[in-house]
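Hi,

Here is the model I promised to pass on.

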Amino acid sequence: GDLRQGSRLVVVGIGAVGASIPSVGCVLARLPAQSGLAVLIVPQDHQPDDLPGISATLARAGRLPVELVADGLHLQRGHVYLAPAGALLTLEGARVRVAGDGDRGALDTFLRSLAEQHGKFAIAIALAGVGYDGALGLAAVKLNGGLILAESVDTASKAQAPYPIAAEGIAELMMPADQIGRHIVAHVDYLGRAVGAAGVVA
C-alpha cells in the first residue's frame with residue numbers, strides 16, 4: 001500500500017516477552033522502510049543488559065531503524081522504539097514520557113495512554129507469550145477506535161509462549177505473526193485514504 005508521508009502518524013504498540021521476540025521480528029520484517037507509523041515495543045520480562053541484543057536482533061529482522069526510548073523522545077514515522085526494561089511509558093502526542101519502575105501494569109498503562117492520545121490512529125499487537133498482560137489497555141484501544149491484531153495460538157509454542165488471552169474477544173483479527181505486518185500496512189493505508197478523503201490536515 002501507499003503509506004503516504006503526509007498522513008497522520010500511526011503508533012503501533014507491542015508488548016513483548018522473551019519468547020515473543022521472534023514474533024516481533026516477523027511483524028517488523030513485513031513493514032516497509034517508508035511508512036507512516038512508529039512502533040513502540042514494551043518488554044515485559046527483560047533485564048537492562050538484554051536490550052542492546054534485542055535491539056540488534058530486531059534491527060536485523062526488518063528494514064526500520066531500532067532505537068532505545070529515552071524520556072522526552074519524539075516519535076518519528078518509520079522508526080521502531082524499544083522501551084527500557086521495567087519502565088513506565090506514557091505518551092503526550094508524539095512525545096514519550098518515561099517514569100521509574102513500572103514492572104506491574106506497565107503494558108496496561110502504556111496501551112491506555114496510546115488509546116487516549118491516538119484514538120483510531122493506534123494499533124495494538126497482542127503476541128503469544130503475554131498471557132493476560134495488557135488486557136485493560138487493549139480494551140481501551142478498542143474503545144477509542146484503535147485496531148487490535150493478535151497472534152494466533154497455532155503459530156506459538158504453547159509451552160514457551162502462552163495464548164494471548166488478553167486479546168480474546170476484542171481482537172479484530174488473529175493470525176500468524178508473519179501476517180500481522182501486512183495487515184498493519186493495509187490499515188495504515190486505509191487510514192491515510194480516509195483522512196485524505198475527509199480533508200483533514202494532520
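Let me start with threonine 57, which is partly exposed because its relative accessible area is 34%; the classes are buried under 20%, exposed over 50% and partly exposed in between, using a 1.4 Å probe and protein chains only. Threonine 57 sits in helix α2, residues 51-61.

Some housekeeping before the rest. This is a predicted model, so local features need pLDDT of at least 70 and side-chain atom pairs count only at pLDDT 80 or more, while totals for chains, interfaces and linings use all residues. Residues are numbered from 1 along each chain as its sequence is written, and side-chain values use heavy atoms, with hydrogens and water left out.

On the overall fold: the protein chain has five helices and nine strands, taken as DSSP runs numbered from the N terminus (helices are H or I with at least four residues, strands are E with at least two). Read from the N terminus, the order is β-α-β-α-β-β-β-β-α-β-α-β-β-α. The chain has 202 residues, of which 51% count as buried. Looking at contacts between residues at least 6 apart in sequence, 73% join residues at least 24 apart; a contact here means heavy atoms within 4.5 Å.

Next, a helix pair. Helix α3 (residues 106-118) packs with helix α4 (residues 135-143) at an angle of about 5°, and their axes are 7 Å apart. That makes the two roughly parallel, since angles under 35 degrees get that label, with over 145 being roughly antiparallel, 65 to 115 roughly perpendicular and the rest oblique. The axes are lines fitted to C-alpha atoms, for helices over the stretch in contact, and angles run from 0 to 180 degrees between N-to-C directions. From α3, the residues involved are Asp108, Leu111, Arg112 and Ala115, and they meet Ala135, Leu136, Gly137, Leu138, Ala140 and Val141 in α4. By class, this contact has seven nonpolar, one polar and two charged residues. For the classes, Ala, Val, Leu, Ile, Met, Phe, Trp, Tyr, Cys and Pro are nonpolar, Asp, Glu, Lys and Arg are charged, and the others, Gly among them, are polar.

Now the cavities. A cavity is a set of points on a 1 Å grid over the protein atoms alone where a 1.4 Å probe fits but cannot get out, and lining residues have an atom within 4 Å of a point. The lining of the largest cavity includes Gly15, Leu107, Leu111, Asp133 and Leu138. Strand β7 (122-126) and α3 each supply at least two lining residues, and β7 has the largest share with three. The lining has eight nonpolar, two polar and one charged residues.

Finally, two glycines in loops. Glycine 146 is in the loop between α4 and β8 (147-151) and is buried at 6% relative accessibility. Among its contacts, not counting residues up to four places away in sequence, are Gly119, Lys120 and Val141. Glycine 131 is in the loop between β7 and α4 and counts as buried at 13% relative accessibility.

Cheers

Technical notes:
On a 1 Å grid over the protein atoms alone, a cavity is a set of points where a 1.4 Å probe fits but cannot get out, and a pocket is an open set with protein on both sides within 12 Å along at least five of seven lines; lining residues have an atom within 4 Å of a point.
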